[in-house]
Amino acid sequence: MAKRSKIQQMPVEVRQWLEKALIDRGFSDYKELEALMKDKGFNISHAAIHRHGQKLERKLAALKASTEAAKLIAE
């Protein structure tokens, strides 16, 4: 089994803050997010944040697509 990422090992509230920040910034500004995470006491690289952001972006796109499909079916 693959090792859990540092982001997955973070407290839920910190991970939720990071995910909201990624969404609010349009999945960009990874260097700035890296610095903000260091200010919060978490040593997470911008590359790790980017990988997490890509996964989150794919999940949100899939959710949006399934929601739109459900609306079409309901019509």
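1. Helix α2 (12–24) has 13 residues, which at 1.5 Å a residue should span 18 Å, and the distance between its end C-alpha atoms is 18 Å, in agreement. The expected span of a helix is taken as 1.5 Å times one less than its number of residues. Helices here are DSSP runs (H or I, at least four residues), numbered from the N terminus.

2. On the basis of the model: it is a predicted one, in which local features need pLDDT of at least 70 and side-chain atom pairs count only at pLDDT 80 or more, while totals for chains, interfaces and linings use all residues. Residues are numbered from 1 along each chain as its sequence is written, and side-chain values use heavy atoms, with hydrogens and water left out.

3. The buried residues of α2 are V14, R15, L18, A21 and L22. They lie on the same side of α2, because the arc that they cover around the axis is only 125°. The arc is that of the directions from the helix axis to the C-beta atoms. E13, K20 and D24, on the other side of α2, are exposed. Buried means under 20% relative accessible area, exposed means over 50%, and partly exposed is in between (1.4 Å probe, protein chains only). As background, an α-helix has 3.6 residues a turn, so residues three or four places apart point the same way.

4. The buried residues of α2 pack against α1 (6–9), α3 and α4. Contact means heavy atoms within 4.5 Å. After α2 comes G26, with a positive phi near 65°.

5. The packing of α2 on α4 has an angle of about 75°, and the two axes are 10 Å apart. Axes are lines fitted to C-alpha atoms, for helices over the stretch in contact, and angles run from 0 to 180 degrees between N-to-C directions. The two helices, α2 and α4, are therefore roughly perpendicular to each other. The classes are: under 35 degrees roughly parallel, over 145 roughly antiparallel, 65 to 115 roughly perpendicular, and the rest oblique.

6. Which residues make the contact between α2 and α4? From α2 they are R15, L18, E19, L22 and I23, and from α4 they are I49, H52, G53, L56 and L60. By class, the contact of α2 with α4 has 6 nonpolar, 2 polar and 2 charged residues. In this scheme Ala, Val, Leu, Ile, Met, Phe, Trp, Tyr, Cys and Pro count as nonpolar, Asp, Glu, Lys and Arg as charged, and the others, Gly among them, as polar.

7. The loop between α2 and α3 (30–39) contains F27, and D29 is in this loop as well. Phi of F27 is positive, near 55°, in a residue other than glycine. D29, also not a glycine, has a positive phi of about 60°. For reference, most residues other than glycine have a negative phi. F27 counts as buried because its relative accessibility is 15%, whereas D29 is partly exposed at 41%.

8. In α3 the buried residues are Y30, L33, E34 and M37. Their arc around the axis is only 105°, so they are on the same side of α3. K31 and D39 are exposed on the other side of α3. The cover over the buried residues of α3 includes α2 and α4. Just after α3, G41 has a positive phi of about 95°.

9. E34, in helix α3, is buried, with a relative accessible area of 16%. Leaving out residues up to four places away in sequence, E34 touches I44, S45, H46 and I49. K38 is also placed in helix α3, but at 43% relative accessibility K38 counts as partly exposed.

10. Helix α4 (residues 46–74) has 29 residues and reaches 41 Å from its first C-alpha to its last, close to the expected 42 Å. The buried residues of α4 are A48, I49, H52, G53 and L56, and the buried residues of α4 pack against α1, α2 and α3. Q54, found in α4, is partly exposed, with a relative accessible area of 35%. From Q54 to A69 the separation is 15 residues in sequence and 23 Å in space, C-alpha to C-alpha.
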